[in-house]
Amino acid sequence: MTASPLRHAAPGDDVARTHNPARPHRTAVAVAGVLVLALLGTAACGKKGEPQATASANTVITDSPGTSASVLPSGSAAATPQPSATGGGGNGSGAPTFPKTAKDYGLAALAAWASGSKSKLDLYAVQAAVSQFMGHGKPNSQWTTLNCSAAGSGRTACDYRNAHGDDTRLTMEDTQLGHPTAVVDVFVNRTQYPTDAAGYVGFFMAAWGDGNKQRMTRFSSSSIANMFSGKTPPTGSQTEATQNGSNWTVKVTGLPLGSGNWTFTVSGGKLGGGNAITAAKVD
């Protein structure tokens, strides 16, 4: 096989494919334009808690069907349903408040998006940004802030990730913080679920390369994600899938050669949805 960057990998019908661990979402998400998520790592609502033991080589990690966990970066906090800081939103009873910091303002906008209410989003974002939000459906509501930084003259951009591994960058006008419609631009990278086993495992490997443990967990389980966390991912990979009844065996060769080999078990009935990877082994 010929290795190609994994960031260009996308689900398909081929049983053998190559991958590079940097951002598979460039091909898995239909988002117009390209945005580099600075300082995002290079995927999950479910049961609480994660195992403490770390799997070693030749250890098979398995989970019963449907097992998953919600994973947030250490020390982070999920977005609350309502804005938490006061600002220039008005003094009437029940009137919305608008946070004065970019971080909190973005979390308030994300909470409004997760509520599914366009009228709430209208309070926090200009109409072009509202359309960007609404074009990506209703997300998981457990958002955490990754970073905030200057984004040109008079603007601040903040990166967020939720428990399903969805990544979002919101750009806000500094002068509008504390007031309505500060969000002027939105980039969304939703976690996608391939319908072929090789592509599914390829996306898991890419999430590993991105440091997106929430997305890894969403593709598999907390115990399987823990098996890979803290380990160095390969710069690329090749996958080969073989069907065994209702399941698939996917063998992964890390690139460059010598950077690792893994075998995954994938439930065919779960392809296209979460937690399809049910076992993983380091070869």
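The tour goes from the whole chain to individual elements and residues.

**Ground rules**

This is a predicted model, in which local features need pLDDT of at least 70, side-chain atom pairs count only at pLDDT 80 or more, and totals for chains, interfaces and linings use all residues. Residues are numbered from 1 along each chain as its sequence is written, and side-chain values use heavy atoms, with hydrogens and water left out.

**The whole chain**

Display the chain as a cartoon. Its secondary structure comes to seven helices and ten strands; helices (H or I, at least four residues) and strands (E, at least two) are DSSP runs, numbered from the N terminus. Of the 283 residues, 48% count as buried, where buried means under 20% relative accessible area, exposed over 50%, and partly exposed in between (1.4 Å probe, protein chains only). The chain exposes about 12,200 Å², of which carbon and sulfur atoms supply 52%; accessible areas come from the Shrake-Rupley method with a 1.4 Å probe, and for residues only the protein chains shown count as cover.

**Helix H2**

Select residues 102–114, which form helix H2. This helix has 13 residues and reaches 18 Å from its first C-alpha to its last, close to the 18 Å expected at 1.5 Å a residue; the expected span is 1.5 Å times one less than the number of residues. Eleven of the 13 residues of H2 are buried, so the helix is largely enclosed by the rest of the structure. The buried residues of H2 pack against helix H3 (118–124), helix H4 (127–134), E3, E4, E5 and strand E6 (183–189).

Within H2, pick out tyrosine 105. Tyrosine 105 is buried, with a relative accessible area of 0%. Just after H2, glycine 116 takes a positive phi of about 80°.

Move to threonine 145, in strand E3. Threonine 145 is partly exposed, with a relative accessible area of 21%. Leaving aside its neighbours within four places in sequence, threonine 145 is in contact (heavy atoms within 4.5 Å) with Lys103, Leu107, Asp159 and Tyr160. Aspartate 104 is 41 residues away from threonine 145 in sequence and 9.0 Å away in space, C-alpha to C-alpha.

A disulfide joins cysteine 148 to cysteine 158, with an S to S distance of 2.0 Å; a disulfide is a pair of cysteine sulfur atoms within 2.5 Å. The pair connects strand E3 (residues 143–150), which holds cysteine 148, to strand E4, which holds cysteine 158, ten residues apart. The torsion about the S-S bond is about 115°, so the disulfide is right-handed. Cysteine 148 is partly exposed, at 36% relative accessibility, whereas cysteine 158 is buried, at 0%.

**Aspartate 166**

Which side chain does aspartate 166 join through a polar contact of 3.0 Å? Select aspartate 166, in the loop between strand E4 (155–162) and strand E5 (167–173). The partner is the side chain of arginine 190; a polar contact is a pair of N or O atoms within 3.5 Å, and within protein one must be able to donate a hydrogen and the other to accept it, while residues adjacent in sequence count only if both atoms are side-chain atoms. The side chain of aspartate 166 also reaches the backbone nitrogen of threonine 191 at 2.8 Å. Aspartate 166 counts as buried, at 2% relative accessibility.

H5 is mostly covered, with 14 of its 14 residues buried. Just after H5, glycine 211 takes a positive phi of about 70°.
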